[in-house]
Amino acid sequence: MTPAPSAYHQRVAEEKRALIVQAATELFLELGYDRASLARVADSAGVSKATLFKQFPTKAALFDAIVIDSWAKNDVADVPPAGDLTAGLTVLGRRYAALLSQPEMTDLFRIVIAELPRFPELAKAHFSQGKLPYFESVRIYLSTERDAGAADIADPEMAATQFLGMISNYLFWPSLVLPDWTVTPARMTAVVDEAVRTMVARYGAEVDRPGL
């Protein structure tokens, strides 16, 4: 059965968008944000300039798309239900670890860090459209656990920072400066599990602390 024209055109547009975003990411890494022109991105992606400008009228809009796509693998609206701090943090922690292990996430951070002195707005876009929504989903979850009586957390914002930091400090940040840094799936699971145990030991209500 032949797809309806509207569905076909939508699929083609999505495929071209993906090609453009990938080409832009590679060129931003290779040439820098400033030197990678939209025309060059179009050539590298194999699309017309008109097609690129229709989807991304400015370079800033294209960078925003890179940020959104890099973080989109996590559904920030899918917050675990309250009542079991260990189970909820395990879901969030494994989701975060999988997100950080994607090559495009490392690429994104490298672009932001390299261009920060000249283009601080890139870091702001990265934070507001990528990192902040994810962070907020964890903060909101911890707040709901506190309200449900499953956690004793006076400052959910600080607790969210601690939890994500325990995971990213081992799984992600070394990869930015150590090309050969690799983490096995088993090690990734262990890092998340230890972070969860630490959080439960610090913030779990008595019912979440076996043996106490």
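# Reading helix packing in a predicted model

Q: How do I read the packing of helix H5 and helix H8?
A: Two packed helices are described by the angle between their axes and the distance between the axes. Here the axes of H5 (residues 85-100) and H8 come within 10 Å and cross at roughly 35°. H5 passes H8 in a right-handed crossing. Keep in mind that this is a predicted model.

Q: Which residues make the contact of H5 with H8?
A: From H5 come Leu-89, Leu-92, Gly-93, Tyr-96, Ala-97 and Leu-100. H8 supplies Phe-163, Leu-164, Ile-167, Ser-168 and Leu-171. By class, there are 9 nonpolar residues, 2 polar ones and no charged ones.

Q: What secondary structure does the protein chain hold?
A: The chain has 10 helices and 0 strands. Along the sequence, the pattern reads α-α-α-α-α-α-α-α-α-α. The C-alpha atoms fill a box of roughly 65 × 45 × 30 Å, taken along the principal axes.

Q: How do H8 and H10 pack, by angle and distance?
A: H8 covers residues 156-171, and H10 covers residues 185-203. They pack at an angle of about 155°, with their axes 10 Å apart. The two helices are therefore roughly antiparallel. H8 passes H10 in a right-handed crossing.

Q: Which residues of H8 and H10 make the contact?
A: On the H8 side they are Ala-159, Gln-162, Phe-163, Met-166, Ile-167, Tyr-170 and Leu-171. The H10 side includes Arg-187, Met-188, Val-191, Val-192 and Ala-195. Val-196, Thr-198, Met-199 and Tyr-203 of H10 also take part. The contact divides into 13 nonpolar, 2 polar and 1 charged residues.

Q: Are H4 and H7 roughly parallel or roughly antiparallel?
A: Start with the angle. The axes of H4 (residues 59-71) and H7 cross at roughly 25° and come within 9 Å. Angles under 35 degrees count as roughly parallel, so H4 is roughly parallel to H7. H4 passes H7 in a right-handed crossing.

Q: What makes up the contact of H4 with H7?
A: H4 brings Phe-63, Asp-64, Val-67, Ile-68 and Trp-71. H7 brings Leu-122, Ala-125, His-126, Gln-129, Gly-130, Lys-131 and Tyr-134. Sorted by class, these residues are 7 nonpolar, 3 polar and 2 charged.

Q: How many salt bridges does the structure hold?
A: Side chains of opposite charge can pair when their charged atoms come close. The structure holds 8 salt bridges. One of them joins Arg-139 and Glu-136, with the closest N and O atoms 2.8 Å apart.

Q: Where do Arg-139 and Glu-136 sit in the chain?
A: Both belong to helix H7 (residues 120-148). They are 3 residues apart there, so about one helical turn separates them.

Q: Which residues does UniProt list for "DNA-binding region"?
A: The UniProt record, an unreviewed entry, lists residues 37-56. Over that stretch the model is 75% helix and 0% strand. The end C-alpha atoms of residues 37-56 are 12 Å apart.

Methods:
Residues numbered from 1 in each chain as written. Predicted model: local features only at pLDDT ≥ 70, side-chain atom pairs only at ≥ 80, totals over all residues. Heavy atoms only, no water. Axes fitted to C-alpha atoms, helices over the stretch in contact; angles between N-to-C directions. Helix = DSSP H or I, 4+ residues; strand = E, 2+ residues; numbered from the N terminus. Parallel < 35°, antiparallel > 145°, perpendicular 65-115°, else oblique. Left-handed = near helix turned anticlockwise from the far one by under 90°. Contact = heavy atoms within 4.5 Å. Nonpolar A, V, L, I, M, F, W, Y, C, P; charged D, E, K, R; others polar. UniProt positions renumbered as here; feature names shortened; annotations may be inferred. Salt bridge = Lys/Arg side-chain N within 4 Å of Asp/Glu carboxyl O.
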